[in-house]
Amino acid sequence: QVQLVESGGGLVQAGGSLRLSCAASGSIFRINAMGWYRQAPGKQRELVATITSSGVTNYADSVKGRFTVSRDNAEKTVFLQMNSLKPEDTAVYYCNADVQTIFRRAFYWGQGTQVTVSS
């Protein structure tokens, strides 16, 4: 069983910053890519940022230059530093991980954490 637990969401004013964390636990052999997605009310879930096990990153155009994704492989944790937040960043943010256990390889999701940016 693999679990992803997010933390760090909250309410912040436009221009402010937040740092999200997502810790993986369970019978994990290896974690490949990890990433963050978000879903705003009435919209589809969209990619925010991903990072491979070797540290190669990828960002949505809407967050480039403002958000930074990083990870601690030893702690099986991925982070999302969000700066210069805008009201349009308001969404539920979900952690995602490509995990190899001894039984199978699968994508897992966290429960989501709310980020609200006020104008």
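Figure 1. R38 is buried at 7% relative accessible area, whereas E46 is partly exposed at 36%; buried means under 20% relative accessible area, exposed over 50% and partly exposed in between, with a 1.4 Å probe and protein chains only. A second salt bridge, also at 2.7 Å from N to O, joins D89 and R66. D89 lies in the loop between β8 (77-82) and β9, and R66 in the loop between β6 (57-59) and β7 (67-72), so this pair ties together parts that are 23 residues apart in sequence. Both D89 and R66 are buried. R38, E46, R66 and D89 are linked in a network of salt bridges. Residues are numbered from 1 along each chain as its sequence is written, and side-chain values use heavy atoms, with hydrogens and water left out. Because the model is predicted, local features need pLDDT of at least 70 and side-chain atom pairs count only at pLDDT 80 or more, while totals for chains, interfaces and linings use all residues.

**Figure 2. Salt bridge between R105 and D98.** The closest N and O atoms of R105 and D98 are 2.5 Å apart. R105 is exposed, at 54% relative accessibility, and D98 is buried, at 5%. A search of the whole structure finds five salt bridges, this one among them.

**Figure 3. Strand β9 and its partners.** Strands are DSSP runs of E with at least two residues, numbered from the N terminus. Two strands pair if DSSP finds at least two bridges between them. β9 pairs with β4 in the antiparallel sense over eight bridges, and Y37 stands opposite Y94 in β9. Five bridges pair β9 with β10, also antiparallel; here Q100 stands opposite R105 in β10. β9 and β10 form a hairpin with four residues between them. Three bridges join β9 to the antiparallel strand β11 (residues 113-118). Nine of the 10 residues of β9 are buried, so the strand is largely enclosed by the rest of the structure.

Figure 4. V92 is found in strand β9 and stands opposite Q114 in β11. Leaving aside neighbours within four places in sequence, V92 is in contact (heavy atoms within 4.5 Å) with Y37, R38, Q39, G112, T113 and Q114.

**Figure 5. Aromatic pair Y37 and W109.** A search of the whole structure finds one aromatic pair. Rings of Phe, Tyr and Trp (its six-membered ring) pair if their centres lie within 6.5 Å; planes under 30 degrees apart count as stacked, over 60 as edge-to-face and the rest as tilted. Y37 and W109 are edge-to-face, at 5.1 Å centre to centre and 70° between the planes. Y37 lies in β4 (residues 30-39) and W109 in β10 (residues 105-109), 72 residues apart. Both are partly exposed, Y37 at 21% and W109 at 40%. R45 lies over the face of W109, 4.6 Å from the ring centre; a charge sits over a ring if NZ of Lys or CZ of Arg is within 6 Å of the ring centre and within 35 degrees of the ring normal.

Conventions
A salt bridge is a side-chain nitrogen of Lys or Arg within 4 Å of a carboxyl oxygen of Asp or Glu.
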